[in-house]
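Work through the exercises below with the model open. Each task is followed by a stepwise solution.

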Amino acid sequence: MILVTGATGTIGGEVLRRLPAGLGVRVMARDPSQVRAPAGTEVVAGDYADQRSLERALRGVSRAFLLTSRIGGDDDARFVGAARSAGVRHLVRLSAAAVADPGADDLITRWHRAGEDLLRGSGLRWTVLRPRAFMSNTLSWAASVRSERVVRALYGSSANVCVDPRDVAAVAVCALTEDGHEGRVHTLTGPEPISAVEQTAQLGRLLGTPLRFEELSLGQARAALRGRHPAAVAEALLASAERQRAGTKAHVADTVVRLTGRPARPFLTWAEDHIGAFGAPTGRHALSGSPRTG
């Protein structure tokens, strides 16, 4: 039995869709009605803060995909403790590539480091996935692209080897269904560094209309982030942007192709498959056919 957490989100949902048919799969979600699961998947209500629900969700589970999002909280400790008590053999945790950056000491990175340390000291078999930024983060631009044909971001010329969430999920499935991943850290990137300015240009070509990029000042970026996140999280994201500007997020890893046998998807492929979120394509660059989901 494999347990999947975070299945109502981007990565957990992709993991769930990619697990091979015929496996015993259970999903833990706060609201089971929000889970879109393949036929035969068991869906149970569970919350990291509810010990009894964790015990029910983990009963009979051999491997689990762990995705927590309450930054600075104790959800990892609660889950790992319950997993150990339930006899789970192997945990696969979603972390972040920043953990390996020597200069990264912000709130989010410290939280991920603590989560990794918890796994290492748990006595369980473990695998850590460390992706760079998700290509899907650019969906935060969709509203301004649709209404104004503009993208606004900080440090637009700085590059990140952002990764398609589908590639992260594919590696997670390898770790959950194959032997040989125990005690390993998998750093996951896209195939090339790309900047926000370059992403904006690619989106514009796909839409068939030019998009304008507007560079945010540090003050504008801070105000925007604090409008969506607690102050400490906003400052952590700004520190991350500074590290990106310094070039720490431009190193390509070959993990995706080594473990899945298929090259990591470039941003253009992700954008083609999600262009509808940014508006209807027009002109000679408009797409035809169904999206690629492989």
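**Exercise 1.** Which glycine follows H9, and is its phi positive or negative?

Solution. Glycine 247 follows H9. Its phi is positive, near 90°. Helices (H or I, at least four residues) and strands (E, at least two) are DSSP runs, numbered from the N terminus.

The model is predicted: local features need pLDDT of at least 70, side-chain atom pairs count only at pLDDT 80 or more, and totals for chains, interfaces and linings use all residues. Residues are numbered from 1 along each chain as its sequence is written, and side-chain values use heavy atoms, with hydrogens and water left out.

**Exercise 2.** Compare the span of H9 with its expected span.

Solution. Take the 15 residues of H9, 231–245. The expected span is 1.5 Å times one less than the number of residues, here 21 Å. From first C-alpha to last, H9 reaches 21 Å, close to that value.

**Exercise 3.** Find what covers the buried residues of H9.

Solution. Buried means under 20% relative accessible area (1.4 Å probe, protein chains only). Buried residues of H9 include Val233, Leu238 and Arg243. The cover includes H4, E7 (150–154), E8 (159–160) and H8 (218–226).

**Exercise 4.** Why is E6 largely enclosed?

Solution. E6 covers residues 125–131. Of its 7 residues, 6 are buried, so the rest of the structure largely encloses E6.

Definitions and conventions
Buried < 20%, exposed > 50% of the residue type's maximum accessible area, 1.4 Å probe, protein only. Contact = heavy atoms within 4.5 Å.
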